[in-house]
Each structure stands twice: as structure tokens, then as C-alpha cells.
Amino acid sequence: QQQVKQSPQSLIVQKGGISIINCAYENTAFDYFPWYQQFPGKGPALLIAIRPDVSEKKEGRFTISFNKSAKQFSLHIMDSQPGDSATYFCAASIGTSGSRLTFGEGTQLTVNP
Amino acid sequence: EPEVTQTPSHQVTQMGQEVILRCVPISNHLYFYWYRQILGQKVEFLVSFYNNEISEKSEIFDDQFSVERPDGSNFTLKIRSTKLEDSAMYFCASTSGYFQPQHFGDGTRLSIL
């Protein structure tokens, strides 16, 4: 029940295209959903996060869509750039302090020039 | 921008030896975490630490593992008797409070021979 399922495992997109990564969770106690970006040899870096009281959050080219009833959330990267090529992880936690992050399996995104 | 720093970046140790991984969290953060990432896999939670005690630990965090905040700035993870399967990237993270993002260091690559 603690799992977060992420798909696809890998994604290849042309420059300027839209990248979409999906996640699903089971634990209804989760109430904080961040997305992290990880480059090789680096730690995960927070990209954008959402709480379930909103259905969508947009920051620049990055948008999270959240469907509470379906227990799913997704990351959309608009106008994808080669510099966006990285591994993306969705995560979930119970927002009270000290709560662990439960990560999805990761999506390796490649944006071709 | 403040960041989480980890040392060493790479640690090579013989099986059965003790290893200490070190982290300096962001200075005004109160909650500290260790995660690990086996090559090509997702990030897994190990332990969280608040107010000088463990607040949560995973099933991975067995009696071979311990954490300590020996002074006001450092946060350490000790593995008492390393096994081959302990080979992984170990990430330290910290956060300031409720629904605030966890900030990750760049990790220590631990290689057990």
C-alpha cells in the first residue's frame, strides 16, 4: 500500500514536444506529491510539488496534473529541451514533518535535438 | 542557495568493515533523512531523524545501521559490518518542516569489495 507506480520506464521525445510521465499511488493518506529530477552523478532535485487540494499546478514549462479519485498524478513537460534529458522520479508522502518520501521507479527521459 | 553536502563522494570498503558516511544538512533545517539508491533502481528510504532521535526507519535499516548528529551541523550514517549488498548511492536529505521539500545532497557512492 506504500508503493508508488511510475510509467513509462523510459521516454524519448523530440525537441519541442511534450513529455508526459504518469504515477499512481494506493495509500490515501498520502497528501504531498513532489517530482524530482536527477542528472547522472547528482542527487534528486525538486522540480515541482502538489497537494491534493488542487487539480493542477504549473511552474514554467512543468505542470503537475492530479486526479484524487483515480489516485493518479502526472508530470507534463512542455516544449521539451535536450537539457531536460534526465531521470524523473515521482514521490509521495504524508505531509506531516518527518514523513518519508516513497519514490516511483523513475523515468529516463531523452530529448533529441 | 544553501545546499546539503555529503562526504566522501566515493567510498570503497572491504566487506565486513565499518563505514561512516557524512552529511551537512542545510543549516536551518530540522528534519534529516538517509536514502539509498542501488544502481538503476529507485530511491529507497532508510531513516528519518528529528530532535536527536530516529523518528522513522525502514525494514532496510537493521541493527547494522546507525545514525548520529554528533554536533550542530553534521549528520552521519554508520554501517557497522558492510555487506556486498550495501553497495549503493547513499543520499542525505533535509527539510525545514510541514509540506516543505526535502533537499538532497549529491550522494556518496559506496562500493563494497
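Among the contacts in chain B that have a separation of 6 or more, 53% are accounted for by residues 24 or more positions apart. The model from which this value was computed is a predicted one, and that should be kept in mind throughout. In chain A, of the contacts between residues at least 6 apart in sequence, 54% join residues at least 24 apart.

The secondary structure of chain B consists of eleven strands and zero helices, so that, read from the N terminus on, its elements follow one another as β-β-β-β-β-β-β-β-β-β-β. With a radius of gyration of 13 Å, close to the 13 Å that the globule rule gives for 113 residues, chain B is as compact as a globular protein of that length. Its C-alpha trace spans about 40 × 25 × 25 Å along the principal axes, and buried residues make up 45% of the 113 residues in the chain.

Turning to chain A, the reader again finds eleven strands and zero helices, arranged along the sequence in the pattern β-β-β-β-β-β-β-β-β-β-β. A compact globule with 113 residues would have a radius of gyration near 13 Å, and the 13 Å of chain A agrees with this. Taken along the principal axes, the C-alpha atoms of chain A fill a box of roughly 40 × 30 × 20 Å, while 46% of the 113 residues of this chain count as buried.

B:L84 is found in the loop between β8 (75-79) and β9 (88-95) of chain B, and its C-alpha atom is separated by 6.3 Å from that of B:M15, although the two residues are 69 residues apart along the chain. If the neighbours within four places in sequence are left aside, B:L84 is in contact with B:M15, B:I112 and B:L113.

The next step is to see how the two chains meet. In the interface, 21 residues of chain A are in contact with 23 residues of chain B. The size of an interface is often given as the accessible area lost when the parts come together. Between chain A and chain B the buried area is about 1,900 Å², and carbon and sulfur atoms give 55% of this area. Seven residue pairs are in polar contact between chain A and chain B, with both residues at pLDDT 80 or more. By class, the side of chain A that touches chain B has seven nonpolar, nine polar and five charged residues.

Side chains of opposite charge can pair when their charged atoms come close. Over all chains, the structure holds five salt bridges, and the count between chain A and chain B is two. One of the pairs that link the chains is formed by A:R100 and B:E56, whose closest N and O atoms are 2.8 Å apart. A salt bridge is also formed by A:K42 with B:D106, where the closest N and O atoms are 3.4 Å apart. This pair crosses between chains, from A:K42 in the loop between β4 (33-38) and β5 (45-50) of chain A to B:D106 in the loop between β10 (103-104) and β11 (108-112) of chain B. A:K42 is partly exposed, with a relative accessible area of 43%, and B:D106 is likewise partly exposed, with a relative accessible area of 36%.

Other salt bridges lie within a chain. A:R61 forms a salt bridge with A:D84, the closest N and O atoms being 2.8 Å apart. This pair links distant parts of the chain, with A:R61 in the loop between β6 (56-59) and β7 (62-67) of chain A and A:D84 in the loop between β8 (72-77) and β9 (86-92) of chain A, 23 residues apart. A:R61 counts as partly exposed because its relative accessibility is 27%, whereas A:D84 counts as buried because its relative accessibility is 5%. In chain B, the side chains of B:E44 and B:R36 meet in a salt bridge with an N to O distance of 3.3 Å. B:E44 counts as partly exposed at 22% relative accessibility, while B:R36, at 11% relative accessibility, counts as buried.

Definitions and conventions:
Residues are numbered from 1 along each chain as its sequence is written. Chains are lettered from A and ligands numbered from 1 in the order in which they are written. This is a predicted model: local features need pLDDT of at least 70, side-chain atom pairs count only at pLDDT 80 or more; totals for chains, interfaces and linings use all residues. Side-chain values use heavy atoms; hydrogens and water are left out. Contact means heavy atoms within 4.5 Å. Buried area is the accessible area (1.4 Å probe) that two parts lose on being put together, summed over both. A salt bridge is a side-chain nitrogen of Lys or Arg within 4 Å of a carboxyl oxygen of Asp or Glu. A polar contact is a pair of N or O atoms within 3.5 Å; within protein, one must be able to donate a hydrogen and the other to accept it, and residues adjacent in sequence count only if both atoms are side-chain atoms. Ala, Val, Leu, Ile, Met, Phe, Trp, Tyr, Cys and Pro count as nonpolar, Asp, Glu, Lys and Arg as charged, and the others, Gly among them, as polar. Helices (H or I, at least four residues) and strands (E, at least two) are DSSP runs, numbered from the N terminus. The radius of gyration is taken over C-alpha atoms; the globule rule is 2.2 Å times the number of residues to the power 0.38. Buried means under 20% relative accessible area, exposed over 50%, partly exposed in between (1.4 Å probe, protein chains only).
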